[in-house]
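Please have the sequence and the 3D view to hand.

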Amino acid sequence: MPLTPDERRNERLKLAANWVNTLATAIVTAGTFVPLAQFVYGVLPPSTPSGLIYGSGVVCIITGVLIHLLGQWILGGLR
């Protein structure tokens, strides 16, 4: 049975929301992995300011949450 136009639109919106949420997950993962790796293993040069390392982690987490909320907003357009 073929999909109706509304069903096709809903599937496209769900796919877009899924992609946006995956992007948010990747950003949060990077934002937590780099500061954690620096704290545990010291992977960055010693001259790297700690405020930059941990500040960028916070920025990545906030950005990831905002992008995730964008995905939820996209899902609000389902019919």
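Is N10 buried or exposed? N10 is buried, at a relative accessible area of 11%, where buried means under 20%, exposed over 50% and partly exposed in between (1.4 Å probe, protein chains only). This is a predicted model, in which local features need pLDDT of at least 70 and side-chain atom pairs count only at pLDDT 80 or more, while totals for chains, interfaces and linings use all residues. Residues are numbered from 1 along each chain as its sequence is written, and side-chain values use heavy atoms, with hydrogens and water left out.

**Helix packing**

- Helix α1 spans residues 5-41 and helix α2 spans residues 50-75; helices are DSSP runs (H or I, at least four residues), numbered from the N terminus.
- The two helices pack at an angle of about 165°, and their axes are 8 Å apart.
- That angle makes α1 roughly antiparallel to α2 (angles over 145 degrees count as such).
- Axes are lines fitted to C-alpha atoms, for helices over the stretch in contact, and angles run from 0 to 180 degrees between N-to-C directions.
- α1 and α2 have a left-handed crossing, meaning that the near helix is turned anticlockwise from the far one by less than a right angle.
- Residues in the contact of α1 with α2 comprise 18 nonpolar, 9 polar and 1 charged. Ala, Val, Leu, Ile, Met, Phe, Trp, Tyr, Cys and Pro count as nonpolar, Asp, Glu, Lys and Arg as charged, and the others, Gly among them, as polar.

- N10 lies in helix α1, and its side chain reaches the backbone oxygen of R79 at 2.7 Å. A polar contact is a pair of N or O atoms within 3.5 Å; within protein, one must be able to donate a hydrogen and the other to accept it, and residues adjacent in sequence count only if both atoms are side-chain atoms.
- Beyond four places in sequence, N10 touches L78 and R79 (contact means heavy atoms within 4.5 Å).
- R9, also found in helix α1, is partly exposed at 28% relative accessible area.
- Leaving aside neighbours within four places in sequence, R9 contacts G77, L78 and R79.
- R9 and L78 are 69 residues apart along the chain, and their C-alpha atoms are separated by 7.8 Å.

**Q38**

- Q38 is placed in helix α1 and counts as buried, at 16% relative accessibility.
- The side chain of Q38 reaches the backbone nitrogen of V43 at 3.1 Å.
- Not counting residues up to four places away in sequence, Q38 touches V43, L44 and I53.

Terms used: Parallel < 35°, antiparallel > 145°, perpendicular 65-115°, else oblique.
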